Amino acid sequence: MATILYDADADLELIRQKRVAIIGYGSQGHAHALNLRDSGCDVLIGLPERSKSRERARQDGWSPLLPHEAAAQAEVIMLLVPDQLQGQVYRQSIQPELAPGKLLLIAHGFSLQYGQIVPDETIDVAMVAPNGPGAQLRHMYSQGSGIPALWTVYQDVTGRARDLTLSYARALGCTRAGVIQTTLAEETETDLFAEQVVLCGGLTSLIRTAFETLVEAGYQPEVAYTCCLQEVKLIADLLYKGGIHFMHNSISDTAEFGDYLTGPRIIDEHTRGNMRQALKDIQNGSFAREWIMENQAGQPMLKAWRRQDAAHPIETVGEHMRKLLP
Ligand code: NDP
């Protein structure tokens, strides 16, 4: 049974007594920094001299430092740069500024799990991984609630890492919703699996293939776009609200019957085998190796896929339809 902790399990004063450096000011960085500031924490922002995010940070009232300056002045360092850059940023800007007892935080386990960061033995290391994008994290906090998070302590030298990590999660607003204790491997592997198989890779491939099938059969692309892509939100909202059975109760009997009859023919045993293989590739590190090598080569495949993605007919139709049916 998962252990879920709430506000009452976390002491906000602990993080308020520390200076916190947020390295990176993107999706997660801006939300962490603003939520912590509104929770009464002393926050510094670390960004490179020529970072595009500096302007946004200034507009939000910060005076960004360089990453190594922020790391030097803080006792808690939250690393919120893209996963593929974390090893380099850790070695160049954080490691030289570490002193025994500092707490290094991450928001996703990739860099630690796959050895991109090998943390010094003298520091505490932990993870607070919010279950959603930064905009949502900030929005929910501003509304007086929060989004859930996964957390774990990876290395506890001081004996205080657990309490300080939970205190950080409280300042972020996540203990308002509930924080689930996990391990680094569990967070990293399930997160990568879900985004590849369901949330991103699975869903977009399903939508595009269905759109292409309808258009190839002679149906209007506008109609194919609406029913295969736009309506996903309506179903996702029902799933979010009450789960699969609740969604089934909310749709027509015809849609529900078609779901049971056709769903397993689309996602069949062959697909299950592919899912198992995708999971193995994540667990044995081959996905991580491929992604690290892709970055070392300057992201050639990612750039080519982005071009293909943007050129797909569903994008043109979508742009047109979003204007007509706002
Ligand atoms: P973003 O790409 O949105 O932001 C990255 C930030 O890091 C930008 O401000 C970028 O600046 C800055 N940056 C780039 N290089 C450096 C550097 N060398 N030193 C300091 N700052 C740098 O990333 P995310 O916020 O999406 O991801 C951050 C972490 O949060 C990752 O570990 C991710 O897995 C995790 N996470 C993300 C979630 C999400 O939904 N986005 C959800 C949960 C966890 P610039 O503008 O110049 O590029």
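Predicted model: local features only at pLDDT ≥ 70, side-chain atom pairs only at ≥ 80, totals over all residues.

Residues are numbered from 1 along each chain as its sequence is written, and side-chain values use heavy atoms, with hydrogens and water left out.

Okay, domains. There's domain 1, covering 4-182, and domain 2, covering 192-324; those bounds come from an automatic or database domain assignment. Their C-alpha centres sit 31 Å apart. Five residues from domain 1 and nine residues from domain 2 make the contact, where contact means heavy atoms within 4.5 Å.

Now the sheet. It's open, with eight strands in the order β1-β8-β7-β6-β5-β4-β2-β3, and the pairing is mixed. By strands and helices I mean DSSP runs numbered from the N terminus, strands being E with at least two residues and helices H or I with at least four. Two strands pair if DSSP finds at least two bridges between them. Which strands stand at the edges? β1 (4-5) and β3 (42-46) do, each with a single partner strand, so one side of each has no neighbour in the sheet. Further in, β2 (residues 19-23) pairs with β4 (residues 76-79) in the parallel sense, over four bridges. For angles and axes, lines are fitted to C-alpha atoms, for helices over the stretch in contact, and angles run from 0 to 180 degrees between N-to-C directions.

On to helix pairs. First up, α2 (residues 27-38) and α7 (residues 134-142): their axes come within 7 Å and cross at roughly 20°. That's why we call α2 and α7 roughly parallel; under 35 degrees counts as roughly parallel, over 145 as roughly antiparallel, 65 to 115 as roughly perpendicular, and the rest as oblique. The α2 and α7 crossing is left-handed, which is to say the near helix is turned anticlockwise from the far one by less than a right angle, with clockwise being right-handed.

Next, α11 (residues 201-216) and α12 (residues 221-230) have axes 9 Å apart at about 150°, so α11 is roughly antiparallel to α12. The α11 and α12 crossing is right-handed. Residues meeting there include F211 and L214 of α11 and Y225 and C228 of α12. What classes are in that contact? Eleven nonpolar, no polar and no charged residues. Nonpolar here covers Ala, Val, Leu, Ile, Met, Phe, Trp, Tyr, Cys and Pro; charged is Asp, Glu, Lys and Arg; the others, Gly among them, are polar.

Last pair: α10 (residues 184-199) and α15 (residues 269-283), at about 140° with axes 10 Å apart, and therefore oblique. The α10 and α15 crossing is right-handed. Among the residues involved are E189 and F193 from α10 and M275 and Q283 from α15. By class, that contact has seven nonpolar, two polar and one charged.
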